[in-house]
Amino acid sequence: MKIFLDTSDVEVIRQHSETGMIDGVTTNPTLMMQSGRDPIDVIKDISALFSDDSSISAEVVADTAEEMISQAKQYYSISSNITIKVPCTEEGLKVCKFLSDKGIPVNVTLIFSTTQAILCAKAGAKYVSPFIGRCEDNGLSGIGLIESIRTIYDRSNIGHPPEILAASIRTTDHVTNAFIAGTDIVTLPPSILKEMYKHDLTDQGIDQFDKDWKKVNHK
Ligand code: G3P
């Protein structure tokens with residue numbers, strides 16, 4: 001059961017990483033644009049906050065496999081905790097196979113079907129990222145997709161199938177249901193991670209305990 005943060009905000013990542021409960025980070029071109037910084041610098045800063053066995057996904061953006069590989073080289077030379085993120089296209093999967101054969105971990109993103117997830121497994125992906133929220137935006141069941149991918153991977157004869165990394169998570173129910181459906185990892189916007197801590201009954205309980213504690217005779 002792993003939790004990743006889905007953001008390029010280094011300060012926010014630093015704060016949450018101090019809890020010791022964050023296993024990795026995913027970024028994408030939109031999140032990089034929001035950071036307003038050079039993506040290489042952002043990935044360097046994030047990578048430095050985590051141990052070597054963490055996973056920091058850095059996404060390549062190009063039309064051809066050759067261009068993607070050249071961008072990937074810049075990223076994976078930063079640290080051994082870098083995972084190269086590629087889109088689930090024919091070119092992206094070529095890159096996935098090429099890098100995976102060299103032992104470089106790859107996260108294939110923008111997964112919306114089980115057949116895409118099957119190809120990712122064949123290409124040696126370390127992670128596949130089904131997009132739950134965006135499935136639902138388009139009338140598809142994101143949780144159902146995770147369930148199906150889980151079943152297929154568990155029944156396959158692939159020694160190490162990809163880890164399922166549930167992305168595009170918009171609610172805490174997505175988190176719960178993704179794990180029930182068999183995801184290995186969820187990647188969360190920081191706002192959803194914050195919500196996971198909260199329950200009204202916890203707040204009410206603390207209020208009551210605080211009031212009662214003040215009435216206790218301290219020696
Ligand atoms: O990890 C992918 C995620 O950032 C996309 O989320 O909410 O834009 O679909 P969303």
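How far is an oxygen atom of the ligand from an N or O atom in the side chain of R170? I read 2.8 Å for that pair, which falls inside the limit for a polar contact (a pair of N or O atoms within 3.5 Å).

Source notes. This is a predicted model, where local features need pLDDT of at least 70, side-chain atom pairs count only at pLDDT 80 or more, and totals for chains, interfaces and linings use all residues. Residues are numbered from 1 along each chain as its sequence is written, and side-chain values use heavy atoms, with hydrogens and water left out.

Ligand. I listed the residues around the ligand (a heavy atom within 4 Å): D6, N28, F131, R134, A167, S168 and R170. For D6, a side-chain N or O atom is 2.6 Å from an oxygen atom of the ligand. For S168, a polar side-chain atom lies 2.6 Å from a ligand oxygen atom.

Helices 4 and 5. I looked up helix 4 (residues 65–76) and helix 5 (residues 90–101), whose axes come within 9 Å and cross at roughly 45 degrees. The axes are lines fitted to C-alpha atoms over the stretch in contact, with angles from 0 to 180 degrees between N-to-C directions. The helices are DSSP runs (H or I, at least four residues) numbered from the N terminus. I noted the crossing of helix 4 and helix 5 as right-handed. Helix 4 contributes A65, M68, I69, A72 and Y76 to the contact, and helix 5 contributes E91, G92, K94, V95, F98 and L99; contact means heavy atoms within 4.5 Å.

Helices 6 and 8. I found that the axes of helix 6 (residues 114–122) and helix 8 (residues 142–155) come within 10 Å and cross at roughly 40 degrees. The crossing of helix 6 and helix 8 is also right-handed. On helix 6 the contact uses T114, A117, I118, C120 and A121, and on helix 8 it uses L145, S148, I149, I152 and Y153.

Definitions and conventions
Helices (H or I, at least four residues) and strands (E, at least two) are DSSP runs, numbered from the N terminus. A crossing is left-handed if the near helix is turned anticlockwise from the far one by less than a right angle, and right-handed if clockwise. A polar contact is a pair of N or O atoms within 3.5 Å; within protein, one must be able to donate a hydrogen and the other to accept it, and residues adjacent in sequence count only if both atoms are side-chain atoms.
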